[in-house]
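Visitor: I am new to reading protein structures, and I would like to look closely at one part. Could you start with a charged side chain and its surroundings, and then lead me onward from there?

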Amino acid sequence: MWQGASTCSGVDDCGVSSTGEGNTAKVSWSGDALYFFIHVRDDYQSYAVTPAECVGHWQADSVEILLDPRGTASQDLKDTANTFKLGIFPFSQSGGPCWERDADNHQGYSSGALDTGNAPGVQVASTAQWVGSNQTTVPHAYAGGGYDLEVKIPLADLPSAVDPARLGLNITPYDNDDTSAAGTTTLRHIDMSTRLGWSALGSVQSDPYRWGLATLPGYTPPADRPTTPAPPDVSNPNLNGALSPQTIAQSARNGVPISGRVPTDDLEILSSAVRGDAVHLVTSSKGNGTARAFLTSGELGAIPVWTTSCTTDPPPDYGFTPCAITDGATPPWSPDMSGHLVKQATRQVTRGVQHWTIPLTAAQQQQLKDRGHLLISYETAKNEVQAFDIRIA
């Protein structure tokens, strides 16, 4: 066990055992694929995710399989960017299992309608059956006291050819139990997990040098498969930080380009101001691109992620301290960042000077008086990026 020991009541709860009767796994290879049989003991079925929630596997019962094809990701200063990490939910609200890749060489959805094509050929079978409700008023025991997973992972899905003498490998089950807020009966999609692992060291999910090493006697990767991992795909179009106001604000303040892309200085903001019932912008560009403007208000650096009745809860808590048993629900992030996004607009920019007007209602003008910011991301036709953070009122 590497985290969450206080919430594990024993082998029946989270499968922790040093004598063999707890969680177990077997791994083999055949052809050009790895095959896993994973047995997990668990006495309480956690929240069942929707297809859109089939990410962030640590927020529900799950198992993560972690593979470093060359066994050198940390030594190469890439850490998980050179790895394959598959997070598997044994059940979901759709009935069967779902899976995704997380914080690795090509993160994103990997199953169902939201599949981004980053794990072709992966197959998962699970014995877990959802109890059919996220209410604690119904029994949440697993039939048989846990579940089994059978998983096929084609070695071609890994970022590079496997070194048969040193495949980095770890298997980490996550156990979530009753996550309902005190005084309520609804399970939540939040992280209250006990985390185990084959290699069970702190922060093991992000440190490949802490994983075990496996060998594949007799295996030879295809001759045309590269031994150097492909560049990590954690940016556009998989995740486009140019669409995220918080990412834009951070990039403008610390100078790190959005999503690690190539920076540009093509766009210049000549003037920006609220006049009458609109924000007026004058820009100058050296070329063509797409500019996105986000008007925000209030604290942008740390937005509370739980609803709270607290009238005073200063940083760093920001609403994490409960003042009533009804506190702790998740506020809706969409469509306005829990009320912090006032308005957004997009403009295709061409070479030269352009005038841009963003109309505002009276309520939006009033909202901008509370620490109003104009955040602008700019993307050139060459996928170069730029970020601006302008105080506005």
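Guide: Let's begin with aspartate 265, which counts as exposed because its relative accessibility is 52%. Here exposed means over 50% relative accessible area, buried means under 20%, and partly exposed is what lies in between, using a 1.4 Å probe and protein chains only. Before we go on, this is a predicted model: local features need pLDDT of at least 70, side-chain atom pairs count only at pLDDT 80 or more, and totals for chains, interfaces and linings use all residues. Residues are numbered from 1 along each chain as its sequence is written, and side-chain values use heavy atoms, with hydrogens and water left out.

Aspartate 265 sits in the loop between α2 and β12 (267–275), while lysine 286 sits in the loop between β13 (278–285) and β14 (289–296), so the bridge ties together parts that are 21 residues apart in sequence. A salt bridge is a side-chain nitrogen of Lys or Arg within 4 Å of a carboxyl oxygen of Asp or Glu. In general, side chains of opposite charge can pair when their charged atoms come close.

The structure holds 11 salt bridges. One of them joins arginine 195 and aspartate 191, at 2.6 Å from N to O. Arginine 195 is buried, at 11%, whereas aspartate 191 is partly exposed, at 33%. Another links aspartate 207 with arginine 210, whose closest N and O atoms are 3.2 Å apart. There, aspartate 207 is buried, with 15% relative accessible area, and arginine 210 is partly exposed, at 26%. Salt bridges can also join up: Arg261, Arg292 and Glu379 are linked in a network.

Now for links of another kind. A disulfide is counted when a pair of cysteine sulfur atoms lies within 2.5 Å, and that rule gives two disulfides. One joins cysteine 8 to cysteine 14, with the sulfurs 1.8 Å apart, and at -60° about the S-S bond this link is left-handed. Cysteine 8 is buried at 15%, and cysteine 14 is buried at 2%. The other disulfide joins cysteine 54 to cysteine 98, S to S 2.3 Å. Its torsion is about 115°, so the disulfide is right-handed. Cysteine 54 lies in the loop between β2 and β3 (62–68) and cysteine 98 in strand β5 (residues 98–101), so the pair ties together parts that are 44 residues apart in sequence. Both cysteine 54 and cysteine 98 are buried.

Next, the rings. Rings of Phe, Tyr and Trp (its six-membered ring) pair if their centres lie within 6.5 Å; planes under 30 degrees apart count as stacked, over 60 as edge-to-face and the rest as tilted. The whole structure has four aromatic pairs. In one of them, tryptophan 29 and tyrosine 219 have ring centres 5.4 Å apart and planes at 70°, so the pair is edge-to-face. Tryptophan 29 belongs to strand β1 and tyrosine 219 to the loop between β11 (212–214) and α2 (245–254), so the pair ties together parts 190 residues apart in sequence. Tryptophan 29 is partly exposed at 31%, and tyrosine 219 is buried at 6%. For tyrosine 142 and tyrosine 147, the centres are 5.4 Å apart and the planes at 40°, so that pair is tilted.

Notes: Helices (H or I, at least four residues) and strands (E, at least two) are DSSP runs, numbered from the N terminus.
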